[in-house]
Amino acid sequence: MAIAKHPSSLANSATEEPGPGSDEGSHLVTFIDLLSSDERFSEYLHIVQRLRMVLPLNRIRNATMFVPTNDAVKRYRKEHEHGLEIADNVYGGITDQQAWYHLITDGVIDGQTLAARAMLWESYSHPAGDRTASSAEDSSHGIMLKTQVDNSTAQLMVNEVTVFAQSFSCEAGNMFVIDGVLEIPPTILDILHQNTPNRSHRTQRRLRRLSGQSAARESHTAYGAAIDSHIASDDAYSTGVYGAVEKLLAAAGWLDAIDATKGDSNESSTMHTLWAFDDRAFSSGFNFAERAYLLYGPKFTSDDRELLDDAINDTQAVAARYISTGSVSVARLGEGKHKGL
């Protein structure tokens, strides 16, 4: 395992010759001092300045920063067709939420630790994008980023971006140079939706046929028929996607808790980990009546308060097995099987 070598044009590193943060160099206190000390970081420094991050960043200690090269910043602007305009906390196509995402709150991390194993780290970027100068030191519930060594290239990566070998330091912490601008990862709902393909006509016909068979066997009341109708039109239990887990959370009343776009909700400001099962697993783990009750019981008992409370409690008891507060990675848990949280 190795950290990627920095291009020769940027070969000046803290370990090879004097440079920013080296013992022979000038004494640097803050990350702003570090960024200001070398022209190679000027593009990212401009971003920090334009997004009014200088004062809060100067107050931060015991952190680790990933800084894209000048070429990486220019390449990002070109690829995303952005100029140097600034508006609504966006400069050159980079948001303040995205800029804070380059800073890790988990202490001063060295290269050996980053390369040791795949790991999730918490950033200073809030899910709702509500980071302000007054809240910059608050590291709670930051969006996570991942470091790991690419098996095919033996290069250290942060998310999908290469980390160069050179690292620099100041009193505030360590800084690593990267070959790209980090982008905010998708939300849990985004990932669920990305893995839900449009159904083919063949799949739709199969679902209608299966629903018809279930109706003949199990639906003898208007309640059962209504549930069958919803399942036939709205669910795809055997398609290997994640519709069921999303609907289970919705029935439990917890969908807003994993919707990071809803910044006014106290729940949505808390990070969560979803242990997602696909629709095949849901279909094999619960029979038809159980699936119908868990997904649609709260909806079809809404006119009876006592039945509604029972249905919601039952659905939440099952849903609670698959969602937990906080960001948990398999790397942090370690290999092997784990009990439900």
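How many residues apart are D309 and R305 in helix α13? I found them 4 residues apart, so they are separated by about one helical turn.

**Ground rules.** I am working with a predicted model, in which local features need pLDDT of at least 70 and side-chain atom pairs count only at pLDDT 80 or more, while totals for chains, interfaces and linings use all residues. I number residues from 1 along each chain as its sequence is written, and my side-chain values use heavy atoms, with hydrogens and water left out.

**Entry 1: salt bridges.** I searched the whole structure and got 4 salt bridges (a side-chain nitrogen of Lys or Arg within 4 Å of a carboxyl oxygen of Asp or Glu).

D309 counts as partly exposed because its relative accessibility is 30%. R305 is exposed, at 58%.

Next I checked E43, which forms a salt bridge with R77, the closest N and O atoms being 3.2 Å apart. This pair links distant parts of the chain: E43 belongs to helix α2 (residues 42-50) and R77 to helix α4 (residues 70-79), 34 residues apart.

Are they buried or exposed? D38 counts as buried because its relative accessibility is 14%, and R40 is buried at 15%.

**Entry 2: a negative patch.** I found D303, D304, E306, D310 and D314 forming a negative surface patch. Patch members need over 30% relative accessible area and no salt bridge, with like charges joined within 9 Å. D314 is found in helix α13, residues 305-319. At 36% relative accessibility, D314 counts as partly exposed.

**Entry 3: the sheet around β1.** I traced an open sheet of 7 strands with mixed pairing, in the order β5-β1-β10-β9-β8-β7-β6. Its edge strands are β5 (103-104) and β6 (119-122), each pairing on one side only. I call two strands paired if DSSP finds at least two bridges between them.

Which strands pair with β1, and in which sense? Strand β1 (residues 63-68) runs antiparallel to β5, over 2 bridges. With β10 (residues 173-178), β1 pairs in the parallel sense over 6 bridges.

I then read off the opposite residues. T64 stands opposite I104 in β5. M65 stands opposite L103 in β5, and opposite M175 in β10.

Last, I looked at the cover of β1: 6 of its 6 residues are buried, so I noted the strand as mostly covered. A63, M65 and V67 point one way from β1, T64, F66 and P68 point the other way, and all are buried.

Methods:
Patch = residues over 30% accessible without salt bridge, like charges linked within 9 Å, V, L, I, M, F, W, Y side chains within 5 Å. Areas by Shrake-Rupley, 256 points an atom, 1.4 Å probe, with all protein chains shown as cover. Lys, Arg positive; Asp, Glu negative; His and termini not counted. Charge placed at Lys NZ, Arg CZ, Asp CG, Glu CD. Buried < 20%, exposed > 50% of the residue type's maximum accessible area, 1.4 Å probe, protein only.
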